Amino acid sequence: MGRVIFIGAGPGAADLITVRGAQRLASAEVVLFDALTDPALRMHAPRARWIDVGKRGFARATAQARIDTLLVQLAQEHAVVVRLKGGDPSIFGRLEEELLALRAAGIDSEVVPGVTAALAAAAGAQRPLTRRGRGRSVSLTTAVTHDGALRGSQRADTEVFYMAGRQLAGLGRRLQAGGWPADAPVCVVSRAGWNDELRSDHALHDLGHAALVHGGRPTVVTVGVGALALSGVAPAHKTLLLEKAQASV
Ligand code: SAH
């Protein structure tokens with residue numbers, strides 16, 4: 001009977017995995033990975049069998065049940081199975097289901113943390129999520145509930161929304177209904193941590209425009225104190241800051 005190591009791969013670029021994550025990955029006989037993971041990570045375990053279990057295109061519930069079963073089967077056949085997850089495994093990563101499946105089968109597990117997308121976005125934008133005296137709390141929220149409904153809220157000084165990429169205009173409306181002012185600063189970052197990361201700034205009522213920039217890319221939306229430029233001034237409304245995109249043209 002083997003063990004399963006959950007490893008956070010970080011938000012993209014292969015060098016954002018932790019040293020511990022890379023070391024554990026090197027010990028894998030089998031690696032189960034998701035669509036968002038950088039293929040360059042394979043260099044850490046070139047002889048392992050790599051299995052793509054990315055859920056795009058599958059009915060989610062079925063796909064998750066299949067992954068749970070596969071993990072248990074593989075751990076019964078191999079000494080070390082790595083479950084590589086984008087960002088951090090504990091953030092919107094279905095970690096609970098997979099840990100419970102292993103526990104039920106009496107299989108040992110370990111979790112190695114990773115850099116979650118919200119933190120990579122804050123680093124790329126150089127906008128701290130907490131600020132002395134002004135930003136005391138941060139929330140990481142999924143924009144969509146499990147039944148597909150869109151949710152907005154105002155629970156923290158800085159709120160970072162995951163999985164909102166396809167519904168930015170709707171999220172903007174929900175957040176206003178949830179108590180955020182129409183001119184609240186919003187920073188939208190897609191493919192944070194990758195070379196082609198893009199970032200744009202908006203006033204909340206104008207969030208729908210971000211779809212033009214980030215359409216089809218993994219995107220996080222930061223609202224509130226953590227979206228402010230360092231001067232503390234909200235960037236002019238409708239101004240798109242596409243520094244990296246412009247630099248590459
Ligand atoms: N466990 C992951 C999140 C998985 S949910 C983590 O900790 O980051 C998938 C969502 O994460 C995407 O819909 C998107 O909102 C966000 N995401 C993942 N990678 C991203 C990236 N590089 N840049 C921006 N958002 C990202």
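Me: How many nonpolar, polar and charged residues does the shell around the ligand have?
Reply: This is a predicted model, where local features need pLDDT of at least 70, side-chain atom pairs count only at pLDDT 80 or more, and totals for chains, interfaces and linings use all residues. Ala, Val, Leu, Ile, Met, Phe, Trp, Tyr, Cys and Pro count as nonpolar, Asp, Glu, Lys and Arg as charged, and the others, Gly among them, as polar. By class, the shell has 12 nonpolar, 4 polar and 2 charged residues.

Me: Why does the ligand lie between domain 1 and domain 2?
Reply: The domain bounds come from an automatic or database assignment, and residues are numbered from 1 along each chain as its sequence is written, with side-chain values using heavy atoms and leaving out hydrogens and water. The ligand lies between the two because its shell takes residues from both domain 1 (3-112) and domain 2 (117-248).

Me: What is the average pLDDT of the protein chain?
Reply: pLDDT is the predictor's confidence in each residue, from 0 to 100. Here 86% of the residues score at least 70, and the chain average is 88.
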